[in-house]
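Work through the exercises below with the sequence and the model at hand, and try each task before reading its solution.

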Amino acid sequence: MTVPVKRIYTKEHLNEFLHSTAYEEYIGYIERLNEAVKNCKIERQMPVSKNVQSVLTLLDTLMNWVNEIPAVENSLSRFGNPAFRTFYDRVQENVDSLLKGFVPASSIEEVSKYLVESFGNQKRIDYGTGHEANFMAWLLCLDKLHVLTPEDDKTVVLCVFVKYIKLMRELQFKYWLEPAGSHGVWGLDDYHFLPFLFGSAQLLDHKYIKPKSIHDPDTVEQFSSSYMYLACIHFINTVKTTASLRWHSPMLDDISACKSWVKVNQGMIKMYKAEVLGKLPIMQHFFFGSLIHFEGGMVYHDSMESDCGHVHQETIEKEYPDCCGIPVPSAIAAAALKEAPRPLPFD
């Protein structure tokens, strides 16, 4: 086993990755999980395997740590709360013990890297789809180690991933994590992408809930606990209250015009490949080891990154967020302080 490293530095490296076995394994796992939850709702009580329960217990432990670590006084700033770094440090310092018992000892050092990178960036106090991808890479590693099996796929999404999103919402609300990139440009709700992908699979053949149903507040409220897609819409409606969905989330508004969830789900997979896995600023942060193996590109380290978190090199084509070097406050922070047609790659 090896400690995972970053290997994607230029667009040429990214293109190598997009034609690699590592890419096929990662997107194949996403598609497999997507298939497992088609027409499945989130249930309060779902039978889970011993190892799935171990992962859920780990996430419960992290949730308890969030509850134990208060946000520090930071009222003059709309940006990330420094207390997040305390949470991150605790995860990093205890990750071996968290994984001990259900991950083979020889693999803990490699697997732990993906888990630690799943909750955001310690320095910038931000979170985006790249961190979400690290969590999925962690699950893929567990699958490759046979800690998780294909028989677990449904509960991996509807129990484990759902609990991970719940944990991330707590971190986002409590510590005001900034959206990574330019206003969450690669996340449909500033932070996440995959809840929309898996959530559309859940609703695939639903008799009554249609893509346009996201505009009905009663439907969103009633079914948000059963379907991830509606839970995400509920989250957006909670933090962005000053205007309509059309104004602050025009892409989701456009998607709601689709006639079927089949079309939405197919489009989400295509969009994830293009707008997450196909974007250099995201994939520069992806890690490779012996489990997710990629020999292309070149090894580089965080010391080569600018403050914005990306590698800047004058000789390569620029593909960076508009806000490079400019912190972007979260909508959660803005809402808290206040209280106290577009083309899609679907066709």
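**Exercise 1: aromatic rings**

Ring pairs join Phe84, Phe87, Tyr88, Phe119, Phe135, Trp138, Phe161, Tyr164, Tyr175 and Phe198 into a cluster. The model is predicted, so local features need pLDDT of at least 70 and side-chain atom pairs count only at pLDDT 80 or more, while totals for chains, interfaces and linings use all residues. Residues are numbered from 1 along each chain as its sequence is written, and side-chain values use heavy atoms, with hydrogens and water left out.

Task: find how many aromatic pairs the whole structure holds, and classify the pair of phenylalanine 17 and tyrosine 23.

Solution. Rings of Phe, Tyr and Trp (its six-membered ring) pair if their centres lie within 6.5 Å; planes under 30 degrees apart count as stacked, over 60 as edge-to-face and the rest as tilted. A search of the whole structure gives 21 such pairs.

**Exercise 2: glutamine 53**

Task: state how far apart glutamine 53 and valine 156 are in sequence and in space.

Solution. In sequence they are 103 residues apart, whereas in space the C-alpha to C-alpha distance is 9.9 Å. Glutamine 53 counts as partly exposed because its relative accessibility is 37%.

How values were computed
Buried < 20%, exposed > 50% of the residue type's maximum accessible area, 1.4 Å probe, protein only.
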